[in-house]
Amino acid sequence: MYTSATRRIAGAACLAALLALSACHQPPESEQPNFIIIFTDDQGYADLSSYGGQHVSTPSIDRMAAEGVRLTNFYVAAPLCSPSRAALLTGSYPIRNDMAYGSDFLVLLAEDPKGLHPDEITLAEILQDAGYRTGMFGKWHLGDQPEFLPTRQGFDEFFGIPYSHDIHPYHPKQALMNFPPLPLLEDETVIETDPDADRLTRRFTDRAIGFIRENRNQPFFLYLAHPMPHQPLHISPEFMRDVPAELKEALGHEGDVVDYPLRDGLFRQVMKELDGTVQDILDTLRELNLDHNTLVIFTSDNGPYVGSAEPLQGRKGSTFEGGMRVPAILRWPGTLPTGEVNHEIITTMDLLPTLAGLAGAESPRDRKLDGKDVWIVLNGQDNSPHQALFYYFGNELQAVRSGAWKLHIREDHAQALYNLDTDIGEHSDVLSENPSVAQRLLRYAREFKADVADNSRPAGWRSNLVTGIFINRNGRRVHRKDSQGRQVPHGDRETLGTR
Ligand SMILES: [Ca+2]
C-alpha cells in the first residue's frame with residue numbers, strides 16, 4: 001500500500017534519478033492517480049447524445065467519450081438511489097449490507113433511523129487510508145443521522161444534501177410525508193435549509209473544482225454526486241435563456257409550490273448545464289496539468305424518471321434493463337484507450353476494487369465483496385469477470401443475467417427469458433425454447449441467494465433517533481410528529497444500534 005511517506009520517497013528517488021540520468025518519466029505529483037466520479041441522478045441510458053439521445057445535446061460528455069471508453073453494458077446494482085449509492089461505495093450488492101430497502105420505504109427518507117453501517121468499508125475510506133484527500137459534493141442518500149454522514153465514511157470534506165432534493169416540504173405528498181426543510185450541510189453542520197435548487201448544480205461543481213485546485217499536488221478522490229436530473233428539475237438562471245417562452249411564463253406563476261410535471265420540460269436544459277459542468281471539470285484538469293494523472297468516470301445512479309432509456313425497456317425502479325443499465329464513460333488520457341466502445345458487463349461495484357488496485361491499496365479481505373477489478377477489461381484486454389449479474393428490486397431478486405441471457409424471476413420461478421444480444425428491449429420471451437438456459441440461470445440465482453445468506457452484513461440503525469437536527473428558516477429546530485400528532489422528542493445521540 002502506498003502512503004504519503006512512500007510518495008515522498010518515490011519523489012525523492014525520482015529526483016535522484018533525474019540528477020543521475022537526466023531523464024525521469026515519473027509524474028511530479030505522485031504515482032497514485034487521481035479519481036473523479038461524476039454521478040448524476042436518474043439519468044437514463046439514452047440521456048446523452050453519444051448514447052443515441054435525440055432529446056438532449058451533450059457535446060462535452062460526448063467528447064469525453066471520444067477521448068476515453070464508452071461502456072454499453074454498465075450496470076448499477078439497484079434501480080433506485082439509496083441502494084445504488086451504497087453499492088457504488090461498498091463494492092457490494094445492497095442485499096449484502098442490508099441497504100436494498102429503506103427503513104419503511106424503498107429509499108431512505110428524512111430523519112431515517114437506517115443508514116449505511118459505519119463499519120462498512122467505503123471506497124473513500126480505502127483511498128483515504130492510502131493517502132488520498134477525499135471530497136464529496138452533492139447528494140449522499142446513505143443516511144442522515146450523524147453516524148451515517150459522508151464525513152464518517154471516509155470523506156475529508158462534504159458539502160451537500162443528505163438525501164434527494166425532493167425530500168422537502170414542497171413534495172407533492174407532503175401532507176402524508178411531513179418532510180422537514182431540506183438541509184444543506186458543510187461537513188456535519190447545517191448551513192442552510194431549503195437552498196435554492198436552481199443553483200445546486202453550479203454550487204456543487206464550483207466546490208468540486210475548488211477541491212481539485214486545492215489538492216492539485218497530492219492524490220485526490222472526488223465524488224461529485226449531482227442531484228439532477230432527478231425530479232423536480234432545476235437549472236441555473238443563465239440556462240433559462242433557452243427555455244421556451246411559454247414554459248418560462250408558466251414557471252413564473254409557480255409561486256410557493258414546486259410544479260414537478262411542469263419542470264419536466266426543463267430536461268434538455270438540465271442536461272445542457274450538467275454537460276457544461278463536465279467540461280468545466282475537464283478544463284480544470286487540463287489547466288492544472290492533471291489530465292494524464294486523473295481517471296474521470298461519468299455515470300448515473302439508476303434509470304430515468306423524466307428522461308429516456310431507449311431502446312431499453314423499463315425506467316427507474318424497474319429490473320428491466322432501463323432501470324439499471326446506465327451510460328458510463330471513463331477517460332484517462334494516455335492510459336485508457338481513446339474512442340473505444342466497450343460492451344463487457346461491468347458494474348459500479350467494480351469501481352471499488354479497480355480504483356483501490358490503481359491506488360496501490362487493497363480491497364477489504366475480511367468480508368465478501370461483489371465487485372471485481374476490471375482494469376484489464378476496461379483496457380479491452382479481457383472479458384467481463386461476471387458470470388452472472390443480479391437484479392434486485394428492494395430485497396427481491398427479480399432477474400439474473402449471464403452473457404446474452406436474462407431471466408426474469410418471480411418467487412423463485414422462471415418468468416421470462418430474453419436474449420439481450422438480439423432483443424435488447426426484452427420484448428420476445430424465449431423461455432419455452434430454452435429450458436436449460438433458464439435452469440442454469442435459476443441455479444445462479446439460488447447459489448447467489450445462499451451465498452448472501454451466509455455472507456451478509458447489517459445496516460446501521462439508530463435505536464434512539466436524532467430528530468429535529470435540522471433548523472428551519474426561523475432558526476428553530478424542526479421536529480417530526482408521530483402518528484398521534486405528538487412531537488417526537490429530540491434524541492440524545494446514544495450509541496448506534498443494529499438490527
Ligand atoms: Ca436516482
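This is a predicted model: local features need pLDDT of at least 70, side-chain atom pairs count only at pLDDT 80 or more; totals for chains, interfaces and linings use all residues.
Val-437 and Trp-405 sit 32 residues apart in sequence, and their C-alpha atoms are 7.8 Å apart in space. I placed Val-437 in helix H13, which covers residues 435-454.

Is Val-437 buried or partly exposed? I got 19 other C-beta atoms within 10 Å, so Val-437 counts as partly exposed, because buried takes 20 or more.

Then I moved on to strand E1, residues 34-40. Seven of its seven residues are buried, so the rest of the structure largely encloses E1. I also checked which way the residues point. Asn-34, Ile-36, Ile-38 and Thr-40 go one way, while Phe-35, Ile-37 and Phe-39 go the other, and all are buried.

Which strands does E1 bridge to? I found seven bridges to strand E10 (residues 294-300), running parallel to E1. There, Thr-40 has Ser-300 as its bridge partner. I found five bridges to strand E9 (residues 220-225), also parallel to E1. In E9, Leu-222 stands opposite Ile-36.

I noted 13 helices and 18 strands. Of its 499 residues, 49% count as buried. Among contacts between residues at least 6 apart in sequence, 67% join residues at least 24 apart.

Methods. Residues are numbered from 1 along each chain as its sequence is written. Helices (H or I, at least four residues) and strands (E, at least two) are DSSP runs, numbered from the N terminus. A residue is buried if 20 or more other C-beta atoms lie within 10 Å of its own, exposed if 12 or fewer, and partly exposed in between; C-beta atoms are placed from the backbone. Two residues are in contact if their C-beta atoms, placed from the backbone, lie within 7 Å. Two strands pair if DSSP finds at least two bridges between them.
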